[in-house]
Amino acid sequence: MPRKPLSRVLLVEDDPDVQVVASMALSEIGGLVVEVCGSALEALKTAPVFQPDLILLDVMMPGMDGIAALEALRKDPRVAATPVVFMTARAQSHEVARYRELGSLGVITKPFEPESLADTLRALWEGRAL
Amino acid sequence: MKASIKTLTDDYAVALREYLEGGGEAPLFRAYQIGRGAVEAGLGVLEVAALHQEALVHDLLLLLAPDESPTIAKRASEFFAEALAPFEASRRGFQEATSVLRDLNRELQQRIEVALKDYQAAQDKLDERRRMEALKDEFISIVNHELRTPLTSIHGALGIINTKLGPEIPEDARRLLEIAYRNSRRLARLVDNVLDLQKIESGTVTFEVRVQPLRPLLEHAVEANQPYATQLGVTLVLEEAPPDVQVEVDGDRVIQVLTNLLSNAAKFSPPGERVGVSAAASGASWWRVAVTDRGPGIPESFRGRVFQRFAQADSSTTRPRGGTGLGLSICKAIVERMGGRIGFETEPGRGTTFYFDLPMEGAPAEAPDASACPESR
């Protein structure tokens with residue numbers, strides 16, 4: 001079933017510099033509408049209001065990490081079905097497999113390529129294997 | 001009818017085991033009966049003691065647990081005393097029985113203490129090692145994260161400037177920008193390689209080893225690396241590889257090794273040249289996979305250090321080629337983890353062949369042939 005084109009992305013990332021770079025890559029290069037959250041808790045509040053098509057979620061964050069955030073998002077009926085893509089520095093193949101099992105759409109490894117970050121998300125969104 | 005010694009031995013072992021595990025009156029009563037049987041069979045206290053010792057040592061091996069040792073020792077003594085009770089009434093007398101029991105108990109106590117100490121020491125060592133390994137994993141994970149986070153912003157920022165402002169940036173600045181961008185990518189690769197090498201060497205990464213055909217792995221590696229070689233004007237060619245060869249390897253890791261060797265070969269080949277990949281038997285027990293280039297060859301002075309970490313032949317020529325200096329160390333670690341060996345042959349001006357040997361299916365394990373592996377010189 002073809003989906004509507006990807007347009008709204010919620011970026012959840014604790015590092016302020018990575019926030020800037022990733023959101024610019026997504027919006028200015030990728031043409032997406034981006035909202036940024038600096039923590040998982042903030043994302044849990046923002047997601048139901050912003051209603052993103054997709055959530056790009058950092059794994060290693062202080063406090064609630066990305067894994068716990070995904071579980072919490074899944075319990076909120078307003079965003080339970082919103083696809084999540086993890087962004088992580090850890091990307092051993094078994095970890096990637098685990099993230100997929102947790103119900104994420106895919107995993108993006110840091111450092112990512114800014115030119116293609118949005119395209120990668122679009123490909124995941126459209127269900128193309130990477 | 002006299003009980004046979006065999007029956008006594010078996011009964012003794014079973015009843016003792018039962019008593020050590022659960023205590024209770026029934027096994028103790030059987031000990032007494034066995035003792036009586038022994039007296040009737042004309043056995044001596046020492047023979048019953050030997051029987052006791054043998055059964056106990058066997059049980060101790062099965063039951064040994066530090067928390068329970070005092071209980072076990074106590075029950076063993078009670079059981080033995082019960083088995084010896086019938087001897088008290090016999091002509092061999094009480095004296096003999098009690099002295100043997102005392103000696104035996106003392107010896108047993110010592111053996112248990114020694115065994116427990118050994119056990120505890122081994123346990124401590126194991127705990128310590130586990131703790132160290134966990135700490136190391138944790139450390140690596142943190143280092144990984146801490147290095148990659150700033151790299152992500154550097155690489156991302158440079159990439160965005162490049163993409164968005166490329167045409168507006170003056171030539172000089174753009175060249176510097178490209179250097180910075182390229183090197184941030186290289187730094188990321190370096191982090192990958194350092195961590196990968198560490199994980200392979202420490203054994204913290206598991207290899208998915210299974211028997212599989214070799215040829216598809218070579219085909220895959222050639223295909224996957226051709227785009228990179230094409231940028232350098234080099235063609236990768238799969239020259240010779242028997243289709244029916246099976247090897248027991250982690251396929252992804254073999255491709256990782258080949259990717260390293262192929263990209264090295266392409267880097268050092270003059271444009272317009274070919275890099276050949278082949279597989280063939282080497283002796284009776286190895287399959288040799290070889291990657292051959294027609295590059296400048298490896299200088300004599302460098303040959304002994306080829307597989308060392310961060311070793312690069314001539315920094316003035318290799319640095320711009322973008323290597324991290326860890327590729328061949330990783331190849332060596334991977335090949336050796338799969339029971340293979342790695343080496344090269346080189347002729348200045350004519351080219352270099354890097355090869356790795358994988359054990360043939362069903363071939364007897366063979367010690368790596370040192371003369372064939374230049375890195376072990």
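Q: How are helices and strands picked out and numbered here?
A: Helices (H or I, at least four residues) and strands (E, at least two) are DSSP runs, numbered from the N terminus. This is a predicted model, where local features need pLDDT of at least 70, side-chain atom pairs count only at pLDDT 80 or more, and totals for chains, interfaces and linings use all residues. Residues are numbered from 1 along each chain as its sequence is written, while chains are lettered from A and ligands numbered from 1 in the order in which they are written.

Q: What should helix 6 of chain B span?
A: The expected span is 1.5 Å times one less than the number of residues. Helix 6 of chain B (residues 171-202) has 32 residues, so it should span 46 Å; its end C-alpha atoms are 46 Å apart, which agrees. Just after helix 6 of chain B comes Gly203(B), with a positive phi of about 75°.

Q: Which residues of helix 6 of chain B are buried?
A: An α-helix has 3.6 residues a turn, so residues three or four places apart point the same way. In helix 6 of chain B the buried residues are Ser184(B), Ala188(B), Val194(B) and Ile200(B).

Q: At what angle do helix 6 and helix 10 of chain B pack?
A: Two packed helices are described by the angle between their axes and the distance between the axes. Helix 6 of chain B packs on helix 10 of chain B (residues 327-337) at about 25°, with axes 10 Å apart. They are therefore roughly parallel (angles under 35 degrees; over 145 is roughly antiparallel, 65 to 115 roughly perpendicular, the rest oblique).

Q: Which way do the side chains of strand 3 of chain A point?
A: In a regular strand the side chains alternate between the two faces of the sheet. Leu54(A), Leu56(A) and Asp58(A) point one way from strand 3 of chain A, and Ile55(A) and Leu57(A) the other. In strand 3 of chain A (residues 54-58), 5 of the 5 residues are buried, so the strand is largely enclosed by the rest of the structure.

Q: Which strands pair with strand 3 of chain A?
A: Two strands pair if DSSP finds at least two bridges between them. Strand 1 of chain A (residues 8-12) pairs with strand 3 of chain A in the parallel sense, over 4 bridges. Val12(A) has Leu57(A) as its bridge partner. Strand 4 of chain A (residues 84-88) also runs parallel to strand 3 of chain A, joined by 4 bridges. There, Val84(A) is the bridge partner of Ile55(A).

Conventions. Buried ≥ 20, exposed ≤ 12 C-beta atoms within 10 Å, placed from the backbone. Axes fitted to C-alpha atoms, helices over the stretch in contact; angles between N-to-C directions.
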